[in-house]
Amino acid sequence: MEGGFGSDFGGSGSGKLDPGLIMEQVKVQIAVANAQELLQRMTDKCFRKCIGKPGGSLDNSEQPGRPGAGVRAVPGAAKSRAEPCAPPLPQKCIAMCMDRYMDAWNTVSRAYNSRLQRERANM
């Protein structure tokens with residue numbers, strides 16, 4: 001970082017710190033840290049959920065307990081007859097998991113922000 005710590009917050013170069021600029025930079029740093037934490041948590045959770053047994057590749061043979069495996073009804077067969085359905089590929093599982101995680105995160109964030117706004121309005 002050229003110029004040292006003070007050069008990031010200076011503004012006019014007159015030696016005075018701009019509190020508004022400092023607050024903006026702190027907000028940006030907090031947002032970046034939150035995004036990094038979100039990505040790390042999402043990656044950890046989805047990897048654990050979708051990659052049951054890491055190996056040399058991510059093929060179906062290494063994924064016996066993946067979510068999505070189950071039983072599907074055989075078309076035209078009696079209700080009692082069913083056959084196993086193939087679980088989603090690990091890459092698809094991870095993509096779907098990340099999509100669901102982001103949807104849930106966004107829902108919670110909107111609800112949280114809405115509540116903060118209501119509480120601020122009641123002050």
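## Basis

Numbering starts from 1 along each chain as its sequence is written, and side-chain values use heavy atoms, with hydrogens and water left out. In this predicted model, local features need pLDDT of at least 70 and side-chain atom pairs count only at pLDDT 80 or more, while totals for chains, interfaces and linings use all residues.

## Fold and surface

Three helices and two strands make up the elements of the chain (DSSP runs: helices H or I of at least four residues, strands E of at least two). Their order from the N terminus is α-α-β-β-α.

Of 123 residues, 13% are buried (under 20% relative accessible area, 1.4 Å probe, protein chains only). The accessible surface is about 9,600 Å², 58% of it from carbon and sulfur atoms (Shrake-Rupley method, 1.4 Å probe). Among contacts (heavy atoms within 4.5 Å) between residues at least 6 apart in sequence, 35% join residues at least 24 apart.

## Helices α2 and α3

Helix α2 spans residues 19–50 and helix α3 residues 90–121; their axes come within 9 Å and cross at roughly 135 degrees (axes are lines fitted to C-alpha atoms over the stretch in contact, and angles run from 0 to 180 degrees between N-to-C directions). That angle makes α2 oblique to α3 (under 35 degrees is roughly parallel, over 145 roughly antiparallel, 65 to 115 roughly perpendicular, the rest oblique).

On the α2 side, the contact residues include L38, M42 and C46; on the α3 side, they include I94, M98 and W105. By class, this contact has 12 nonpolar, one polar and four charged residues (Ala, Val, Leu, Ile, Met, Phe, Trp, Tyr, Cys and Pro count as nonpolar; Asp, Glu, Lys and Arg as charged; the others, Gly among them, as polar).

Conventions. Buried means under 20% relative accessible area, exposed over 50%, partly exposed in between (1.4 Å probe, protein chains only).
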